Amino acid sequence: MNLLIYHGKDELLEDLATFILKVGNEAIAENGRFNFVLTGGSSPKTLYQQLATKYKDDLDWQQVYFFFGDERNVSATDKDYNGLMAAESLLRPLNIQEDHIFYVNTSLSPVEAASAYQNEINMHFNGGLPAFDFILLGMGDDAHTASLFPETEILESSEVGVEAVFVEKLNTYRISMTAGLINHAKNIAFLVFGKSKADAVKQVIESEEEDTTHYPAQLIKPYNGHVTWFLDQEAAANLNT
Ligand SMILES: O=C1O[C@H](COP(=O)(O)O)[C@@H](O)[C@H](O)[C@H]1O
């Protein structure tokens, strides 16, 4: 695990963008495409806007395939739909062709949407191991990542796939990649800002005993890849390092 702590958000975003571009350019040079999984929530919006403006000439964006680590069970036009924020801040400004963007189809039931999304991923990887080049993750105050929320059934899943999960405290379904699928990625980066996340960050990174039921982000341990944490000082405030 690589832990990076920043005084300022600008420097953090610059380093994270540079990292994404490096991995992306290497993937395109090696395989002709870059499989990039986006996160939702509020934290990545500025990053997406910068990738689409400041860094628009630093990667062959037309060779990138975009996926979502999780989605809310709302319509694609709802402001809470993760795909909408990504579309507005990153995908439309870069003119990404529609068949390079894998949105979760929330017009289906959550179980059907999850199964359809898993099928699309499997087809994209021609039935082989779905090892994404880069998965960007956020983390909530409760240590959830993607839609792997504390005390939910999906945490016990041994599937390398996508599942529907009912999140009781939000009284709603989510659709999420399982930890098994996320952990096949070649590179994973957590982007975490703010003091409200400081306790969760400490538990996930420094806790001696694993408690994935209450701190699901502890499940993220890539099998053959690398995980890097990009934290601001507030999020890192409780760490011993
Ligand atoms: O609900 C979600 O929350 C997490 C964290 O979001 P943030 O707003 O605290 O940055 C996010 O990673 C996930 O994709 C999203 O669905």
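## The β-α-β unit

A crossover is termed right-handed if, with the strands pointing away from the viewer, the path from the first strand over the helix to the second runs clockwise. In this predicted model, strand S2, helix H2 and strand S3 form a β-α-β unit of that hand. Helix H2 comprises residues 45–51.

Strand S2 covers residues 34–38 and runs parallel to S3, to which five bridges join it. Strand S3, residues 64–68, is mostly covered, with four of its five residues buried.

## The ligand shell

The ligand is surrounded by 15 residues. The closest are Gly40, Gly41, Ser42, Ser43 and Gly138. By residue class, the shell contains 11 polar residues, three nonpolar residues and one charged residue.

The loop between strand S5 (134–137) and strand S6 (162–167) contains Ala146. Although Ala146 is not a glycine, its phi is positive, at about 45 degrees. Glu151 also lies in the loop between S5 and S6, and this residue, likewise other than glycine, has a positive phi near 55 degrees.

Ala146 is classed as buried because 31 other C-beta atoms lie within 10 Å, where the cut-off for burial is 20 or more. Glu151 has 12 C-beta neighbours inside 10 Å and therefore counts as exposed, the limit for that class being 12 or fewer.

Conventions:
Residues are numbered from 1 along each chain as its sequence is written. This is a predicted model: local features need pLDDT of at least 70, side-chain atom pairs count only at pLDDT 80 or more; totals for chains, interfaces and linings use all residues. A residue is near a molecule or strand if its C-beta atom, placed from the backbone, lies within 6 Å of it. Ala, Val, Leu, Ile, Met, Phe, Trp, Tyr, Cys and Pro count as nonpolar, Asp, Glu, Lys and Arg as charged, and the others, Gly among them, as polar. Helices (H or I, at least four residues) and strands (E, at least two) are DSSP runs, numbered from the N terminus. Two strands pair if DSSP finds at least two bridges between them.
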